[in-house]
2 protein chains.
Amino acid sequence: MSGAIARRCFIGDAPVDAWPADDRGLAYGDGLFETMRAHRGDLPWWRAHWARLARGAERLRLPLPDPHCVRQAAQDLLGGEGGVLKLLVSRGRGGRGYAPPVPAVPAWQVSVHALPPPAPPAGLVLRWCRTRLAAQPLLAGLKHCNRLEQVLARAEWDEDGIDPILVQEGLMQGIDGEVVCATAANLFVCRDGQWLTPGVERNGVAGTCRAWAIRALDARVARLQVADVETAESVFLCNAVRGILPVARLEARSWAPGTPSQRRVVDLRARLAAEHPAFEMEMS
Amino acid sequence: MSGAIARRCFIGDAPVDAWPADDRGLAYGDGLFETMRAHRGDLPWWRAHWARLARGAERLRLPLPDPHCVRQAAQDLLGGEGGVLKLLVSRGRGGRGYAPPVPAVPAWQVSVHALPPPAPPAGLVLRWCRTRLAAQPLLAGLKHCNRLEQVLARAEWDEDGIDPILVQEGLMQGIDGEVVCATAANLFVCRDGQWLTPGVERNGVAGTCRAWAIRALDARVARLQVADVETAESVFLCNAVRGILPVARLEARSWAPGTPSQRRVVDLRARLAAEHPAFEMEMS
């Protein structure tokens, strides 16, 4: 968890001093967000993030602010620096009751956060979360603000006395037992030399780094059971802030570095760093 | 939809002028709410509402403010009048990342709203919503702030060109097709003289008025299919703001007033009005 270094809030195109207390994002989680890796004051994956935001806005019939206005606000806030840029867009002010106001004026904010600590060089240590993800095709794939399942999953570290320094992420299953993702990252596994990642039609988030990795690895979308992950030749996580994250261990299963598929993960990190210079520092 | 007549915001025990922009309620819907019928400046079902809030807070490991402080703030805001009192409690300020801050200081607000327009004297007209409710046992029953499913269901009125004056509510099914509830009310049906209501173990909200009606009618919790509702002898909805709401029609199916089970709904309304004087005016 990292607090914001700076933040600016807007309603429509106008900057505001405070977030509205009658905001529907607050009342119902009626909003979307994007978490972007910033590099030298810019957002290299801006187009992919905005495209996902637009898909979510279309699905929720949520109005979006002007993208030029948002990008300018983000760049003003970054001031030439890197880090994490979070954008949150809600349906804006509304009264009591679920019916969306028509027309709605979006409330939105951009905030800059410090980068998370780098992943352990040997790879992440993972656990299985007990919290399962409900199947909701209408919301699947979107980065919406209904995230209590992820909050419950992360709260398991405290409940179970797990040290987040030693166990950095957790894999989540859907209600039906199929493996979906990590709490804040997508999952890829290599089986018989083929890279696989779970679909995002019933739950999960259509990650921007996931889309990049699918193309880079010619990965297939596949249904994965727990045993498919535990017996995989290699496993990695990815997200737009941390890039490609090799996995060293999942509960009792460990993956030794230096196997052919583990080397492919290292190669993938190098390729991402070459295409997206923000991730270069991760390679050191 | 009705805007607030008045609102007050707090962090912990301290009043604040503005809602915090880094609030987890906003970021993740990481909060709970209660919507209460106020009568002459008081909240007759306060104990039931606070008990549900406390159950939700325990499930989410969410800190609650002092109940005396909250009730006093609500009464101050009501100033002796009636209406609708909404209480929203979030996990409070937090940084980026799903892990709940420990300890957390709750942010909360009370707001007063006008009563919704009275239900049509002949009974409500209902439709079937297309949006289905995901099954999530960890969140079922709670009045949490992850309400995008309800927002999508209510947005169907606009999508389908349905006049909310003519069709006032919609019934929702779970992903598996079983009937769960209305978008903002619980459902009761009478079959073979026995009142039945869906369970709230997989989805839905454990309504305070639902609990009252289960006791008053000696109702049974039962799994209901669409046909069970459409062929019922009588149907009503209920919630804590509007009390008992007779149903006149559901799509092509209509229920004539004056049948024995419809008269039992009228009797139930009278009994609620006798126990809870705020609902007396609904009887006129």
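This is a predicted model: local features need pLDDT of at least 70, side-chain atom pairs count only at pLDDT 80 or more; totals for chains, interfaces and linings use all residues.

Student: Thanks! Which domains does the assignment give for chain A, and how far apart do their C-alpha centres lie?

Tutor: In chain A the assignment gives domain 1 as residues 4-113 and domain 2 as residues 124-283. Between the C-alpha centres of domain 1 of chain A and domain 2 of chain A, the separation is 26 Å.

Student: How many residues does the contact take from each of these domains of chain A?

Tutor: Here contact means heavy atoms within 4.5 Å. By that rule, domain 2 of chain A contributes 27 residues, and domain 1 of chain A contributes 21 residues.

Student: Which three residues supply more than any other three of the area that domain 1 of chain A buries against domain 2 of chain A?

Tutor: Start with the total: domain 1 and domain 2 of chain A bury about 2000 Å² between them, with 67% of it on carbon and sulfur atoms. On the side of domain 1 of chain A, 42% of the buried area comes from three residues, namely A:Arg37, A:Trp45 and A:Arg52.

Student: How many salt bridges and how many residue pairs in polar contact does the rule find across the interface of domain 1 and domain 2 of chain A?

Tutor: For salt bridges across this domain interface of chain A, the rule finds 0. For polar contacts between domain 1 and domain 2 of chain A, with both residues at pLDDT 80 or more, the number of residue pairs is 10.

Student: Which element gives the most to the side of domain 1 of chain A that touches domain 2 of chain A?

Tutor: Three elements of chain A give two or more residues to that side: strand E3 (31-38), helix H2 (46-60) and strand E4 (83-90). By class, the side of domain 1 of chain A that touches domain 2 of chain A holds 11 nonpolar, 6 polar and 4 charged residues. The element that gives the most to this side, with 8 residues, is E3(A).

Student: Now for the two chains. How much area do chain A and chain B bury between them?

Tutor: The contact draws on 64 residues of chain A and 63 residues of chain B. With 67% of it on carbon and sulfur atoms, the area that chain A and chain B bury between them is about 5100 Å².

Student: In chain A, which residues lose the most area to chain B?

Tutor: Three residues together account for 18% of what the chain A side buries. They are A:Arg96, A:Tyr98 and A:Leu148.

Student: Which residue of chain A forms a salt bridge with B:Arg61?

Tutor: The count between chain A and chain B is 2 salt bridges. In the one formed by B:Arg61, the closest N and O atoms are 3.8 Å apart, and the partner is A:Glu159.

Student: Which element supplies the largest share of the side of chain A that touches chain B?

Tutor: Several elements of chain A each supply at least two residues of that side, among them strand E1 (4-11), helix H1 (24-28) and helix H4 (148-159). The largest share is 9 residues, and its source is H4(A).

Student: Why do the copies meet through the same surface?

Tutor: Compare the interface residues of the two chains: the copies meet through the same surface because the share of chain A interface residues that are also interface residues in chain B is 98%.

Student: Last one! Where in chain A is the proline that a cis peptide bond joins to A:Val102?

Tutor: The cis bond joins A:Val102 and A:Pro103, with omega about -5°. A:Pro103 lies in the loop between E4 and E5 of chain A.

Note on methods
Residues are numbered from 1 along each chain as its sequence is written. Chains are lettered from A and ligands numbered from 1 in the order in which they are written. Side-chain values use heavy atoms; hydrogens and water are left out. Domain bounds come from an automatic or database domain assignment. Buried area is the accessible area (1.4 Å probe) that two parts lose on being put together, summed over both. A salt bridge is a side-chain nitrogen of Lys or Arg within 4 Å of a carboxyl oxygen of Asp or Glu. A polar contact is a pair of N or O atoms within 3.5 Å; within protein, one must be able to donate a hydrogen and the other to accept it, and residues adjacent in sequence count only if both atoms are side-chain atoms. Helices (H or I, at least four residues) and strands (E, at least two) are DSSP runs, numbered from the N terminus. Ala, Val, Leu, Ile, Met, Phe, Trp, Tyr, Cys and Pro count as nonpolar, Asp, Glu, Lys and Arg as charged, and the others, Gly among them, as polar.
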